[in-house]
Amino acid sequence: MNLVQKKPTDVPQGNINISGGSKDYMQLGVDVSGWASDDGSQRYRLVAMVNHKDGALDGTKNERFYIAPSYTIDFNESASLTLLTSFTKDTGVPQNGFFPVDGTYSALPDGGHIDPSTNYGEPDTDRLDQTQVSAGYLFKYDIDDVWTYKQNFNFAYKELYLRSTAAYNNDWQDSDPNTIARSTLINDGDSHSYTFDNNVTADFSTKLTDNKFMVGVDYQHHNNDWMGNRLGTPTGIIDSRHPTYDNGVPADLSASMYQNDITKEQIGTYAQFQTILAQRWVANLGARYDWLKVENTGQYEDKIDDGQFSFNTGLMYLADNGLSPYVSYSSSYYASASLDFTTNKLYLPIESKQTEVGLKYAPIWLDGYFNIAWFDIKQDNATTSVTDANGVLGTSQTDQKSQGIELEGSVYATENLKLTASYTYTNLEERDPNGGYRQASLVPDNLATGWVQYDFTSIGLPDLRMGTGVRYLGSSVNSTTGDKVSDTTLWDAMASYQFTKQVQLQVNANNLLDKEYVASCSSIVCYYGEDRRITANLNYSW
């Protein structure tokens with residue numbers, strides 16, 4: 001995920017939005033950017049949001065407050081500095097969407113199934129309280145017409161208080177298939193990190209080429225200091241279809257907690273070169289080397305001291321008829337400051353390699369585009385779901401490989417009618433305990449979407465747009481049991497109306513028919529898909 005904070009704009013602008021919808025969803029947001037000086041050399045932006053929503057499970061909810069001020073100073077035509085800060089506060093009752101295989105994928109002995117909104121937690125004592133703060137800057141200096149220097153820095157701090165009770169498999173502590181064993185997860189602590197990046201970029205051209213070259217070095221420091229109880233402490237059983245609360249979770253679970261203090265330090269050097277030759281060939285080549293050190297000085301002491309080279313390259317041809325074939329290869333190297341609770345060891349760095357061959361087509365005779373791509377991905381030490389000796393779900397690491405095809409197209413069939421469709425086939429396999437490979441859990445083999453959108457200009461309503469479409473989720477497997485989870489098709493819709501240039505109302509509906517379905521299963525648990533969600537968003541912009 002690439003998270004980018006909004007920055008001050010050159011032109012003053014603003015937006016206020018009010019949203020509401022199902023599950024008591026309410027949100028108010030403000031986004032204002034303006035000049036702080038008469039000539040616009042100093043600019044500000046303030047983004048703020050507050051919302052409330054109930055969770056998919058009974059008795060769960062979340063409230064969020066977010067504010068992010070930023071400020072830009074143009075010292076002259078060559079140098080600028082942007083200051084960025086943000087504050088986020090989340091509070092509520094957390095939800096765990098873990099359900100046993102019995103009662104979801106398969107029926108209980110009496111033929112019954114578990115309601116998707118059933119909560120196996122403790123709504124009165126489960127709690128999520130999380131505070132996140134970040135602050136940093138972006139500095140840019142144009143050395144001359146070719147070279148540009150950039151320096152970026154960010155500090156982030158998070159404080160977490162979590163009490164989360166969940167249930168997993170049937171028939172663990174007694175012979176009654178209608179009871180489920182529960183455990184309570186505790187995580188109390190904080191983390192802080194800072195990143196520092198320096199690079200210089202050259203933009204230059206010759207008679208035949210347009211070029212961009214970048215070289216830089218970055219530094220990352222992350223510390224995660226918390227008290228926890230691994231994958232959770234067993235806290236009794238609960239009825240799978242008629243749960244009652246306040247019936248067995250001890251008020252004090254401190255005896256099962258332990259302390260961990262994990263620090264990650266990483267220094268990376270990188271270079272990237274891109275060129276466009278004769279307006280036909282687009283080529284890039286990049287390389288990076290990382291020095292990595294991860295250390296846990298808490299209860300389960302462990303240390304990783306490693307280094308890795310990674311690179312990427314690609315080539316594309318731009319034809320006159322709109323066809324653009326391409327090929328690319330990339331590798332990556334990543335390590336987290338986290339603990340594998342099944343081994344009590346640090347997670348090993350994840351190493352990935354990806355090859356992609358594709359064709360993009362944007363015909364000059366049609367308002368639209370078509371893309372097709374074949375990909376092959378291999379990951380060493382990828383994360384996967386496992387269960388511990390008590391039947392509690394967790395994650396560990398294994399090797400994975402994935403191959404597939406992606407198709408995408410979007411076209412205006414008429415001036416008012418837009419058609420969009422996509423299809424992905426994925427064969428994701430992971431190494432099994434016997435050393436071979438098996439299909440991995442959770443990932444459908446086929447995904448497809450189709451969407452139709454129409455604006456009503458032809459009948460005198462140019463400000464009205466409506467759209468509808470379907471999402472097809474193909475079958476998946478539970479790699480542990482070999483069970484096959486059935487496919488499903490969902491219906492979505494939207495409508496929007498532009499009252500004025502400043503005021504717009506949009507309504508979205510996902511899973512319009514409120515279809516109940518099991519989305520996937522892994523090991524001893526299954527996950528229900530999201531039920532119907534309807535939201536309305538009123539925007540006022542200036």
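Me: Which residues form a disulfide, and how far apart are their sulfur atoms?

Reply: Cys 521 and Cys 526 form a disulfide, with 2.0 Å between their sulfur atoms. Keep in mind that this is a predicted model.

Me: How many disulfides does the structure hold?

Reply: The structure holds 1 disulfide.

Me: Is that disulfide right-handed or left-handed, and why?

Reply: Look at the torsion about the S-S bond. For Cys 521 and Cys 526 the torsion is about 100 degrees, so the disulfide is right-handed.

Me: Are Cys 521 and Cys 526 buried or exposed?

Reply: Buried means under 20% relative accessible area. Cys 521 has a relative accessible area of 2%, so Cys 521 is buried. Cys 526 counts as buried too, because its relative accessibility is 1%.

Me: What holds the strands of a sheet to one another?

Reply: Strands of a sheet pair through backbone hydrogen bonds, and the pairing is either parallel or antiparallel. Here, 3 strands form an open sheet with antiparallel pairing, in the order 6-30-29. Strand 6 (99-100) and strand 29 (518-522) are the edge strands, each pairing on one side only.

Me: How many bridges join strand 29 to strand 30?

Reply: Strand 29 is joined to strand 30 (residues 525-528) by 4 bridges, and these two strands run antiparallel.

Me: Now a residue in a loop. Where does Thr 60 lie?

Reply: Thr 60 is in the loop between strand 3 (42-54) and strand 4 (61-74).

Me: Is Thr 60 buried or exposed?

Reply: Thr 60 counts as buried, because its relative accessibility is 4%. Its side chain makes a polar contact with the side chain of Gln 95, at 3.3 Å. Apart from neighbours within four places in sequence, Thr 60 is in contact with Asp 54, Gly 55, Val 93, Pro 94, Gln 95 and Asn 119.

Me: And Ile 405: in which strand is its place?

Reply: Ile 405 sits in strand 20 (residues 393-412). Ile 405 has a relative accessible area of 35%, so Ile 405 is partly exposed.

Me: Which residues is Ile 405 in contact with, leaving aside its neighbours within four places in sequence?

Reply: Ile 405 is in contact with Ile 372, Ala 373, Trp 374, Phe 375, Tyr 423, Thr 424 and Tyr 425, once those neighbours are left aside.

Me: How far apart are Ile 405 and Asp 197?

Reply: In sequence, Ile 405 and Asp 197 are 208 residues apart; in space, they are 35 Å apart from C-alpha to C-alpha.

Conventions:
Residues are numbered from 1 along each chain as its sequence is written. This is a predicted model: local features need pLDDT of at least 70, side-chain atom pairs count only at pLDDT 80 or more; totals for chains, interfaces and linings use all residues. Side-chain values use heavy atoms; hydrogens and water are left out. Two strands pair if DSSP finds at least two bridges between them. Buried means under 20% relative accessible area, exposed over 50%, partly exposed in between (1.4 Å probe, protein chains only). Contact means heavy atoms within 4.5 Å. A disulfide is a pair of cysteine sulfur atoms within 2.5 Å. A polar contact is a pair of N or O atoms within 3.5 Å; within protein, one must be able to donate a hydrogen and the other to accept it, and residues adjacent in sequence count only if both atoms are side-chain atoms.
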